[in-house]
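Have a glance at the model first.

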Amino acid sequence: MSVTAAKGFTAAGIAAGIKANGNPDLALVVNTGPRRAAAGVFTSNRVKAAPVVWSQQVLADGELTAVVLNSGGANACTGPQGFQDTHATAEKVAEVLSAGGAEVGAGEVAVASTGLIGLLLPMDKLLPGVEKAAAELSEHGGEKAAIAIKTTDTVHKTAVVTAGGWTVGGMAKGAGMLAPGLATMLVVLTTDADVDSAGLDGALRGATRVTFDRVDSDGCMSTNDTVLLLASGSSGVTPEQDAFTAAVREVCDDLARQLIGDAEGASKDIRIEVVNAATEDDAVEVGRSIARNNLLKCAIHGEDPNWGRVLSAIGTTRAAFEPDRLNVAINGVWVCKNGSVGEDRDLVDMRYREVTITADLAAGDESAVIWANDLTADYVHENSAYSS
């Protein structure tokens, strides 16, 4: 049930007419309490969409009552009017929820948008859509909400973890512009655990650091990345922080894998594990360099275990290593040993969707995993035609 798996939440997903094809394009998630704690992480892109700027501001007090999300337009690079439209959207959500007796202010409403950059949203369709979505709010509306935030996604993405009388649920969208800081996405996570905003913030940042921030499908960072975590406290249970962080991480990891699995045009999911690094930062830097090597991504698409391109990518980093001590395995076959030819590359079986690359830096005992995809003609085609 996605964001409504946890008690104390309702959701809806409807077609407001923002998308020309008539598909669902507006989602609303409401925290009915009793607690309304929240935390969020956002894109590190210096060019931020209006909804990101707005949501960062309203989260300053660590509380949210609702999140409204639209697909069909990013409302990014739209100037003062774009920010006014975001404000108007939050005001409309507050108005319709208050009409039902909730007494909600615009400052309690986060806004998230996804779609093409540089176009103003059709507010004559979006605002009436908010009313329609509010009328359809339900404890069973999580799946419809997840469907409504899709853009080039081929499937909607949800995940749930239950432990010790409390639940963490979530929904995500994302299929292209997937790169760290965050990986491109809209994500809403909910929990009925009784956790304050500081606890939510610590759990969310700890989880995203090793999940969403380690997805690097195409090296492109969005203007709209938003990950929100809301707590209703309705279970009455306050879990240990470590247990709560672990549950949030499990949900984020599940959603991150779904993002990679649905990446635009991809035919291979690439798990890049960097081992024996001097520091975790070194491991992450090397993993990202490998993930963004277009020549290697093409080779993986062609099922060619071209380990030389892995070494070439490692060599562009600042990580500590000696070139003649590097080892590389592809799907468990150590095709490179001590910076030179290793086992027979013909032993590598690359017929299946998942490909594993292991890069051994022989410089320490730290490690990291980065997920990426191959580079395909379908990816080029989809992104060449996206604006149409």
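Contact here means heavy atoms within 4.5 Å. With that in hand, T167 touches A5, A6, V160, V161, T162, T190, T191 and D192, leaving aside residues up to four places away in sequence. T167 is found in strand β7 (residues 166-173), strands being DSSP runs of E with at least two residues and helices runs of H or I with at least four, both numbered from the N terminus. T167 has 8% relative accessibility, so it counts as buried (under 20% relative accessible area; exposed is over 50% and partly exposed in between, with a 1.4 Å probe and protein chains only).

A word on the ground rules: this is a predicted model, where local features need pLDDT of at least 70, side-chain atom pairs count only at pLDDT 80 or more, and totals for chains, interfaces and linings use all residues. Residues are numbered from 1 along each chain as its sequence is written, and side-chain values use heavy atoms, with hydrogens and water left out.

Now the helix packing. Axes are lines fitted to C-alpha atoms, over the stretch in contact for helices, and angles between N-to-C directions run from 0 to 180 degrees.

| Helix pair | Axis distance | Angle |
|---|---|---|
| α2 (residues 79-99) and α3 (residues 123-135) | within 9 Å | roughly 25 degrees |
| α1 (residues 50-58) and α2 | 8 Å | about 50 degrees |

The α1 and α2 angle makes α1 oblique to α2, while α2 and α3 are roughly parallel to each other (under 35 degrees is roughly parallel, over 145 roughly antiparallel, 65 to 115 roughly perpendicular, the rest oblique).

Who does the touching? On the α1 side there are A50, P51, V53, W54 and Q57, meeting G82, F83, T86, H87 and A90 of α2. By class, that contact has six nonpolar, four polar and no charged residues. For α2 with α3, the contact is made by D85, A88, T89, K92, V93 and V96 of α2 and M123, L126, L127, V130, E131 and A134 of α3.

W166 and F244 form a tilted pair, 5.8 Å centre to centre with 55 degrees between the planes (ring centres of Phe, Tyr and Trp, its six-membered ring, within 6.5 Å; stacked under 30 degrees, edge-to-face over 60, tilted otherwise). W166 lies in β7 and F244 in helix α6 (residues 241-261), so the pair ties together parts 78 residues apart in sequence. W166 is buried at 5% relative accessible area, and F244 is buried at 0%.

Notes: Ala, Val, Leu, Ile, Met, Phe, Trp, Tyr, Cys and Pro count as nonpolar, Asp, Glu, Lys and Arg as charged, and the others, Gly among them, as polar.
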